[in-house]
Amino acid sequence: MSMQVRDFDIVIVGAGPAGLTAALYAGRNKEHAVLLEGKAPGGQLLNTELIEDYPGIASILGVDLAEIMTKQAADFGTEIAYGADVQSIHVRPDGMKEIETTAGLYRAPALILTAGGNPRKLDVPGEAEFAGRGVSYCAVCDGAFFKEVHLAVVGGGDAAVEEAVFLTRYASKVTIIHRRDHFRAQPILMEQARTNPKIDFITDTVVESIEGDASVQRLELRNVVTGAQSSLDVGGIFIFVGFIPNTKLVDAHVDHDAGGYYVTNPMTMMTSVPGIFAAGDVRSQLTRQITTAVGDATTATIAASKWVEEWKRGREDSEAELEDVMVSGA
Ligand SMILES: Cc1cc2nc3c(=O)[nH]c(=O)nc-3n(C[C@H](O)[C@H](O)[C@H](O)COP(=O)(O)OP(=O)(O)OC[C@H]3O[C@@H](n4cnc5c(N)ncnc54)[C@H](O)[C@@H]3O)c2cc1C
């Protein structure tokens, strides 16, 4: 059976908040665009309970916001291809991008990468079971749900320490649990944490399991030096042991930072590869939020539209030049 090949002007990869916003703007601009999604639309919104920091909406469930964003994007006419899991992306020498998916091959001169990513997990018993019920990967998102609760923060980098300090706004106490005794976090952040009366530290220690009933109540811990086991009563655990961006799809080299996030031009969201734009959680930037994802995607889509126009004009010009050459025989 031959593989289905479809041509577009813009292909958007991943239907989280960034991809759905790109689809919305592409639809309103009457672009010939398609949004490819491997799973269900909504991205990380589908793993999120309540959202209270999206302007204009006081409080909404992640799944409900995903549904509204998807309908709004589809209403403006951009095709959304579900079950189109992108396997690899090849950049041809003429600049055309070939996107191989589980639903056939797509081609376009412009590509907007919005494949997001996932927080790195601890992979311990109870983590998946209590996700959204005391296990969180986002302090800005979920901190306010833990007023006057003793929380644990796991990790030793900037994110863990910074978020632990942030969580003291709400929590009665924050215990930072780190598997080493040395922290990678910047000294200034460590200073803030060490002088904060609500924060204490447990070092050389890993979380072995997360226990509770309706929600998290206790952590089982193990000291990696002595082997001693202990438990810690907490009402929630925030895990900051890294984030893995989905940035391994393109076969050409796209500039990225040390964490693997795409580096983009801040004016246009274009990456180092002409015609490849990036928006949302795949992009190298200070924070990863729904508001930033939709902002990036707005810029990326408008820039991609302009870029496609230029690209087509360039092609026409070079075809005309080629015709001139052929007619004149030069
Ligand atoms: C538990 C949790 C709670 C959060 N709460 C909040 C909050 O309250 N407020 C807030 O502002 N932010 C919150 N965030 C952060 C927010 O969800 C993200 O910043 C946002 O979803 C990023 O959007 P995105 O479109 O860049 O990526 P994502 O939401 O990650 O979407 C990426 C999409 O790409 C798809 N995809 C990936 N690879 C492929 C492929 N190869 N082929 C096809 N499709 C692919 C995925 O299936 C997914 O649908 C939270 C995050 C988490 C994990």
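**From one residue to the whole chain**

Q: Which residues does S305 touch, leaving out those up to four places away in sequence?
A: Apart from residues up to four places away in sequence, S305 touches N29 and E31, where contact means that the C-beta atoms of two residues, placed from the backbone, lie within 7 Å. This is a predicted model, in which local features need pLDDT of at least 70 and side-chain atom pairs count only at pLDDT 80 or more, while totals for chains, interfaces and linings use all residues. Residues are numbered from 1 along each chain as its sequence is written.

Q: And where is S305, and how far is its C-alpha atom from that of Y25?
A: S305 belongs to helix α6, and although Y25 is 280 residues away along the chain, the two C-alpha atoms are separated by 9.7 Å. Helices (H or I, at least four residues) and strands (E, at least two) are DSSP runs, numbered from the N terminus.

Q: Why does S305 count as partly exposed?
A: S305 counts as partly exposed because it has 19 C-beta neighbours inside 10 Å. A residue is buried if 20 or more other C-beta atoms lie within 10 Å of its own, exposed if 12 or fewer, and partly exposed in between, with C-beta atoms placed from the backbone.

Q: OK, new topic: which residues have a positive phi without being glycine?
A: Among them are K30, with a phi of about 60 degrees, and M269, with a phi near 70 degrees. Most residues other than glycine have a negative phi.

Q: Are those two buried or exposed?
A: K30, in the loop between α1 and β3, is exposed because it has 11 other C-beta atoms within 10 Å. M269, in the loop between β20 (243-245) and β21 (276-278), is buried because 28 other C-beta atoms lie within 10 Å.

Q: What about strand β18, is it in the open or buried?
A: Strand β18 covers residues 229-233, and of its five residues the number buried is zero, so the strand lies largely in the open. Five bridges join β18 to strand β17 (residues 216-223), and the two run antiparallel; strands pair if DSSP finds at least two bridges between them. One of the bridge pairs is L219 with L232 in β18. The hairpin of β17 and β18 has five residues between the strands, and G227 takes a positive phi near 80 degrees there.

Q: Zooming out, which domains are there, and how far apart are their centres?
A: The assignment, which comes from an automatic or database source, gives domain 1 (5-119 + 243-325) and domain 2 (135-239). Their C-alpha centres lie 35 Å apart, and the contact takes four residues from domain 1 and five residues from domain 2.

Q: Which residues come nearest to the ligand?
A: Of the 37 residues around the ligand, G14, G16, G43, G116 and G280 come nearest, and a residue is near a molecule if its C-beta atom, placed from the backbone, lies within 6 Å of it. Domain 1 and domain 2 each give at least three residues to the shell around the ligand, and helix α6 (290-328) is one of the elements that supply at least two.

Q: Last one: how many helices and strands does the chain have?
A: The chain has six helices and 21 strands, and 39% of its 330 residues are buried.
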